[in-house]
Amino acid sequence: MAPTVRGDRNEHSDRRDQILTIAAHLIAKQGYSGTTVRDIADEAGILSGSLYHHFPSKEAILQEILRGFLERLLERFEGIVAEGRSPRETVDSLVQHAFVIITSQPDAVGLYQNELSFLTGQAGFEFLGEKRELIEALWIDQLREGQKVGDFRESLDVAVAYRFLRDAMWSTVGWYRPGRGHSVESLTATFLDLLHHGLLAD
């Protein structure tokens, strides 16, 4: 029996997802410039020419990886804010989800961390700045609201505070390895304990 059109589409979609996963891993490990279309195709077990049936270029693969990563991240962050909890509880949940993403999607996070400076301003990657600004505004809004209701100190420069939080969280992908003393839950708890109580003893 000949495969159905739906079956062909599902197979095509599955193959695209597989290629994206492989490409994210290779680029996170070797860098965008150091990863070729042939590297991705070889790892996927297909000819380089066959890769172009799914994506027109290596650039298009990277765009799809990063666009999907940032859209899902922003959507989840917006969902957390929409739950309507206190600013402190909301920021805690944002932190928790960030660590879930770091541990569940380390290749996408590492790729984003490593390639952002190079890609910013490149044609076709304008969405990086747009999504980054939306995410930053979302966090800063919660920090400012927390100042208004007394959750956070009024003396804080919230833009700088956000950048400290952002960089401390996302850089974790460079050294955290599951099963080596910390789970995502204990890692999050340690970060939040430091955030809430600082380093100094009472």
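You are looking at a predicted model, in which local features need pLDDT of at least 70 and side-chain atom pairs count only at pLDDT 80 or more, while totals for chains, interfaces and linings use all residues. Residues are numbered from 1 along each chain as its sequence is written, and side-chain values use heavy atoms, with hydrogens and water left out.

**The whole chain**

Zoom out. The C-alpha atoms fill a box of roughly 70 × 40 × 35 Å along the principal axes. Of the 202 residues, 41% are buried; buried means under 20% relative accessible area, exposed over 50%, and partly exposed in between (1.4 Å probe, protein chains only).

UniProt, in an unreviewed entry, annotates residues 13-73 as "domain: HTH tetR-type". Its positions are given in the numbering used here, feature names are shortened, and annotations may be inferred rather than shown by experiment. The span is 75% helix and 0% strand, and its end C-alpha atoms lie 21 Å apart. Now select residues 36-55, where the unreviewed UniProt entry places the feature "DNA-binding region". Here the figures are 60% helix and 0% strand, with 13 Å between the end C-alpha atoms.

**Select Gln30**

Gln30 is found in helix α1 (residues 5-30). It is partly exposed because its relative accessibility is 38%. Leaving aside neighbours within four places in sequence, show its contacts: Thr35 and Asp39. Then draw a distance to Leu111: the two residues are 81 apart along the chain, yet their C-alpha atoms are separated by 9.5 Å.

**Select Tyr112**

Tyr112 sits in helix α6 (residues 106-119). Is Tyr112 buried or exposed? Its relative accessibility is 12%, so Tyr112 counts as buried. Beyond neighbours within four places in sequence, Tyr112 is in contact with Leu66, Phe69, Leu70, Leu128 and Arg132. Ile65 is 47 residues away in sequence, with 9.3 Å between its C-alpha atom and that of Tyr112.

**Select Thr90**

Move on to helix α5, where you will find Thr90. Thr90 is buried because its relative accessible area is 1%. Not counting residues up to four places away in sequence, Thr90 touches Ile80, Val81, Arg85 and Gln142.

**Last stop: the largest pocket**

Centre the view on Leu156, Ala161, Leu165, Leu195 and His196, which lie nearest the centre of the largest pocket among its 21 lining residues. Elements giving two or more residues to this lining are α5 (87-104), α7 (126-149), α8 (158-170) and α9 (184-197). Which element supplies the largest share of the lining? That is α8, with six residues. A pocket here is an open set of points, on a 1 Å grid over the protein atoms alone, where a 1.4 Å probe fits, with protein on both sides within 12 Å along at least five of seven lines; lining residues have an atom within 4 Å of a point.

The volume of the largest pocket is about 580 Å³, taken as the space filled by probe spheres set on the points, which are joined across faces, edges and corners.

Technical notes
Helices (H or I, at least four residues) and strands (E, at least two) are DSSP runs, numbered from the N terminus. Contact means heavy atoms within 4.5 Å.
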